[in-house]
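Subject: Structure handover

Dear colleague,

My notes on what was found follow it.

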Amino acid sequence: MTLKYILPVIALTATAVSAEEYQLFTELRADHVRVSGDKETLWSLDGTYFFDKKQTLGPLDQFEYINKVSNVSASFARAYDDNSYGIGGEYFAENKFVVSASHQRLGDFDVTSLGLGYLISDDFIVRALAVKPEGDDTSFQFSASYNHQLQGNDYLGFTATVDDEFDFFTISSKYFASLGDDRFISIGAAIADNDGSTSWAAEADYYFSKMTSVGVSYNKEDSYSLNAKHFFNQNWALEAGFGSNADNSDLKVYSLAVIGQF
């Protein structure tokens, strides 16, 4: 075997060895909000269990753009003396059809959703979602997600969503790439139109290694955030962040989260 064939094999072997696999994801988060002297701490606890292992793309918090693994999830949050919770899940049948369901209780308000989807290929999925808020009519949303695979684990992903009356649509994209030497970058952007009112948001994360990253975000309303995340080992990470608004310097949000992956 010549050298030009040996080197790609070595590179692929190194990638396989460095990849981690997880099935359970948990996060405990506290957001301390300050607005003009008023203070409030918002608490949330989230968990998702996948029925098969999810393999990382290098960084310990980066996975494939289109999920193809059945899962269940649950969440709880307390904010401004109100409790909220949610449960949900996705089931992939024969690696083609996907059925999803969720129920959320936001204070005294309930929202239930049911969805159907079809995985046209590993890189293309279409979905239909029915959303029923308590005391309101059912609305329908349709979406399509496409993953354009680049070199190695690098990819460029797109998702488009529209409602049944075409009053609302969103287009989002994400670019993930290895920069070499165990460094990575992730860039995301989204634009939405709600009955003529347009909004947009962008975010970027830079990975010094697969365990340490920093990130920024910004949107049309001049809200911005800064965050840093570090995995102390393969299972536990700490994330800290700060957010504010360029037009309202009295608004400040300090965030701290403990993340577990198993």
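For the residue classes used here, Ala, Val, Leu, Ile, Met, Phe, Trp, Tyr, Cys and Pro count as nonpolar, Asp, Glu, Lys and Arg as charged, and the others, Gly among them, as polar. By that scheme, the lining of the largest pocket has 12 nonpolar, 17 polar and 10 charged residues.

This is a predicted model, in which local features need pLDDT of at least 70 and side-chain atom pairs count only at pLDDT 80 or more, while totals for chains, interfaces and linings use all residues. Residues are numbered from 1 along each chain as its sequence is written, and side-chain values use heavy atoms, with hydrogens and water left out.

Pocket

The largest pocket has a volume of about 1,200 Å³. Of the 39 residues that line this pocket, E27, D61, E203, K229 and E239 are the closest to its centre. A pocket here is an open set of points on a 1 Å grid over the protein atoms alone, where a 1.4 Å probe fits, with protein on both sides within 12 Å along at least five of seven lines; lining residues have an atom within 4 Å of a point. The volume is the space filled by probe spheres set on the points, which are joined across faces, edges and corners. Strand β16 (residues 248-261) gives the most to the lining, with five residues; strands are DSSP runs of E, at least two residues, numbered from the N terminus.

Aromatic pairs

Rings of Phe, Tyr and Trp (its six-membered ring) pair if their centres lie within 6.5 Å, and planes over 60 degrees apart count as edge-to-face. The count comes to 13 aromatic pairs. One of them is the edge-to-face pair of F25 and F63, at 5.3 Å centre to centre with 85° between the planes. F25 lies in strand β1 (residues 21-35) and F63 in the loop between β2 (38-55) and β3, so this pair ties together parts that are 38 residues apart in sequence. Both F25 and F63 are buried (under 20% relative accessible area, with exposed meaning over 50% and partly exposed in between; 1.4 Å probe, protein chains only).

W236 and F262 also form an edge-to-face pair, 5.3 Å centre to centre and 80° between the planes. Here W236 is in strand β15 (residues 236-245) and F262 in the segment after β16, so the pair ties together parts 26 residues apart in sequence. W236 is partly exposed at 40% relative accessibility, and F262 is partly exposed at 37%.

Ring pairs also link Y22, F25, F50 and F63 into a cluster. K54 lies over the face of F50, at 5.3 Å from the ring centre (NZ of Lys within 6 Å of the ring centre and within 35 degrees of the ring normal).

Strands and loops

Strand β5 (residues 97-106) and strand β6 (residues 109-121) run antiparallel and are joined by 10 bridges; strands pair if DSSP finds at least two bridges between them. F97 has Y118 in β6 as its bridge partner. The hairpin of β5 and β6 has two residues between the strands, and G107 there takes a positive phi near 70°. β6 also pairs with strand β7 (residues 124-133) in the antiparallel sense over 10 bridges, with S121 opposite F124.

Two residues other than glycine also deserve a note. Y80 has a positive phi of about 50°, sits in the loop between β3 (71-79) and β4 (82-93), and is exposed at 51% relative accessible area. F166 has a positive phi of about 60°, in the loop between β9 (155-163) and β10 (168-180), and is exposed at 66%.

Regards

Key. Helices (H or I, at least four residues) and strands (E, at least two) are DSSP runs, numbered from the N terminus. Rings of Phe, Tyr and Trp (its six-membered ring) pair if their centres lie within 6.5 Å; planes under 30 degrees apart count as stacked, over 60 as edge-to-face and the rest as tilted.
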